[in-house]
Amino acid sequence: MPRHDGPAEPDEGSGPDPTIRRAPWGPALAQGAHMTHPGPGVMPGLAPHAAPEAPAALEPQLDVFLARHEDELIGFRRDLHMHPELGFAEHRTTARIAERLRAVGLHPVILPGGTGLFCDIGPEDGYTVALRADIDALPLQDEKEDVPYRSTVPGVAHACGHDVHTTMVLGAGLFFAQQAAAGLLPGRVRLLFQPAEETPGGALDVMAAGGIVGVDRAFALHCDPRIEVGQLGLRTGAITAACDKVYVKVKGPGGHTARPHLTADLVYALAKIVTELPAALSRRVDPRSSLSLVWGRVSAGSVANAIPDDGIAEGTVRCLDDEAWHRAPEMMKSLLASVAAAYDVEASLEYARGVPPTVNEATSVQMFRDAAALVLGEEGAVPTPQSLGGEDFGWYLESIPGALARLGVKRPGSADDYDLHRGDFDVDEACIAVGVRVLTATALTALWDGNRPAAEPVEGAPLA
Ligand SMILES: [Zn+2]
Ligand SMILES: [Zn+2]
């Protein structure tokens with residue numbers, strides 16, 4: 001296996017890129033961190049019995065790795081940012097990632113659709129932790145000015161930070177490749193670079209290609225422009241919502257507005273459907289599921305004195321509870337049928353499944369928390385609110401335990417007011433090294449737990 005300093009390494013003699021702002025993150029961040037868990041960073045061959053010194057086992061290695069690779073990673077992110085690709089069209093992005101992984105002797109597997117890939121590091125039969133990144137961009141114009149890495153593709157931009165997610169998972173992968181080559185990886189890490197998160201549906205392609213077969217636990221980070229760099233937003237339970245689209249079509253005979261009794265008053269019936277459905281749905285599910293149907297477009301008729309013969313209503317269904325999400329289409333269908341029948345109109349429902357809610361598993365969130373304490377300090381983990389946005393990482397968590405955390409990308413102390421899915425979205429690139437530290441420490445925490453014997457006797461405790 002080629003060493004990490006093989007021929008594909010960047011020319012280190014080229015000097016630092018003056019456009020890269022050097023961040024204060026580094027060893028100082030770990031000061032004050034203490035282990036809330038004996039596991040993180042304890043790797044075979046690295047003083048496994050000296051738990052209190054464990055942070056010292058991981059941190060110096062990460063420091064050395066990042067001192068050598070941070071500029072390269074920032075450059076990698078900028079390259080992706082300049083060449084964004086939409087869902088299922090991420091050919092260049094896929095090639096760039098695969099090329100970098102092959103350069104350190106890894107064997108990435110490209111998904112059958114031609115975009116997206118996954119790549120295993122470490123022993124084939126070990127406890128397996130997946131780190132997931134999404135690689136697609138959005139159909140938005142990049143409105144940033146004065147940055148050298150502005151999108152070069154009109155109408156396409158990395159406005160959700162997926163270029164950053166990809167870079168961080170790549171960075172963690174390069175570090176783990178180095179550890180594995182030195183025999184220091186206590187299990188297997190699978191890097192998942194999925195296509196088409198925004199489309200959505202890329203997660204389903206990864207799963208169809210066997211991408212989570214053998215995976216015991218999965219983790220993902222998502223950029224959060226409201227949290228400062230150096231902090232990690234955590235939440236147990238639903239962190240993002242299910243988001244589906246509904247399309248209701250109503251039909252009737254039509255007629256004169258003078259004689260609604262001789263036909264079906266379609267506009268009135270449509271108005272009833274639009275108001276009754278959200279109300280009735282909210283009474284049919286546990287209010288804690290936060291299931292909400294909100295209309296975005298209603299349309300019928302063309303003139304004041306004619307009852308139209310058709311009309312439509314379109315909207316979204318958002319939900320924080322997996323069970324309520326699974327029941328939602330059938331409930332809506334029966335409620336729609338009963339309201340339509342009362343007004344003698346025909347109604348049909350098209351229900352387009354989006355993504356399930358992302359429901360974070362408690363143990364996995366604790367692993368993120370332990371990792372944050374290790375690499376960011378005690379103040380590193382902060383609570384984060386539930387979002388009604390959708391995220392297709394939820395598909396994986398229907399099958400395996402795991403968690404998604406919010407990575408702070410806001411420049412500390414700045415008045416920046418960015419939001420995701422906006423043309424001017426940008427991050428403080430110091431977040432990349434932080435993300436690599438968090439992902440690395442989290443994966444090691446999970447691997448250590450997975451490999452730990454189930455009934456390990458506690459030292460000093462009676463064995464009986
Ligand atoms: Zn997005
Ligand atoms: Zn996103």
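The crossing of helices H4 and H10 is right-handed, a crossing being left-handed if the near helix is turned anticlockwise from the far one by less than a right angle, and right-handed if clockwise. The model is a predicted one, in which local features need pLDDT of at least 70, side-chain atom pairs count only at pLDDT 80 or more, and totals for chains, interfaces and linings use all residues. Residues are numbered from 1 along each chain as its sequence is written, and chains are lettered from A and ligands numbered from 1 in the order in which they are written.

Helix H4 (residues 162-181) packs against helix H10 (residues 430-451) at an angle of about 55°, and their axes are 8 Å apart; axes are lines fitted to C-alpha atoms, for helices over the stretch in contact, and angles run from 0 to 180 degrees between N-to-C directions. The angle makes H4 oblique to H10, since angles under 35 degrees count as roughly parallel, over 145 as roughly antiparallel, 65 to 115 as roughly perpendicular and the rest as oblique. From H4, the contact draws on Val 164, Thr 167, Met 168, Val 169, Gly 171, Ala 172 and Phe 175, while H10 supplies Cys 431, Ile 432, Gly 435, Val 436, Leu 439, Thr 440 and Ala 443; two residues are in contact if their C-beta atoms, placed from the backbone, lie within 7 Å. Helices (H or I, at least four residues) and strands (E, at least two) are DSSP runs, numbered from the N terminus, and the protein chain has 10 of the former and 16 of the latter.

Both helices of this pair also lie across strands. H4 lies across strand E2 (117-121), strand E3 (128-134), strand E4 (188-194), E5 and E16, and runs at about 150° to E3. H10 lies across E3, E4, E5, strand E6 (232-234) and E16, running at about 150° to E5. These strands belong to an open sheet of eight strands with mixed pairing, in the order E1-E2-E4-E3-E5-E16-E6-E15, where two strands pair if DSSP finds at least two bridges between them. Strand E1 (109-110) and strand E15 (381-383) stand at the edges of that sheet with a single partner strand each, so one side of each is left without a neighbour in the sheet. Strand E5 (residues 217-228) and strand E16 (residues 402-410) pair in the parallel sense over eight bridges, and Cys 223 stands opposite Leu 407 in E16.

A further open sheet is formed by four strands in the order E10-E12-E8-E13, with antiparallel pairing. E10 and strand E13 (346-355) stand at its edges, each with a single partner strand, so one side of each is left without a neighbour in the sheet. Neighbouring strands of this sheet are turned by 15° against each other on average, direction ignored. Strand E12 (residues 310-319) pairs in the antiparallel sense with strand E8 (residues 242-251) over 10 bridges, and with strand E10 (residues 292-300) over eight bridges, again in the antiparallel sense. Gly 311 in E12 stands opposite Val 250 and is also the bridge partner of Ala 300, whereas Gly 315 in E12 stands opposite Trp 295.

Helix H6 (residues 266-284) lies across E8, E10, E12 and E13 and runs at about 170° to E10. Helix H7 (residues 322-342) packs on the sheet, touching E8, E12 and E13, and its direction makes about 165° with that of E13.

Two loop residues have positive phi values although neither is a glycine. Phe 88, in the loop between helix H2 (54-82) and helix H3 (91-102), has a phi near 65°, and Ser 290, in the loop between H6 and E10, has a phi of about 50°. Phe 88 is partly exposed, with 18 other C-beta atoms within 10 Å, and Ser 290 is partly exposed with 19; a residue is buried if 20 or more other C-beta atoms lie within 10 Å of its own, exposed if 12 or fewer, and partly exposed in between, with C-beta atoms placed from the backbone.

Across the protein chain, buried residues make up 49% of the 464 residues, and among contacts between residues at least 6 apart in sequence, 81% join residues at least 24 apart. The chain averages a pLDDT of 87, and 85% of the residues score at least 70, pLDDT being the predictor's confidence in each residue, from 0 to 100. The value stays under 50 over residues 1-15, for which the model has 13 contacts beyond four places in sequence, and also over residues 21-56, for which the model has 74 such contacts.
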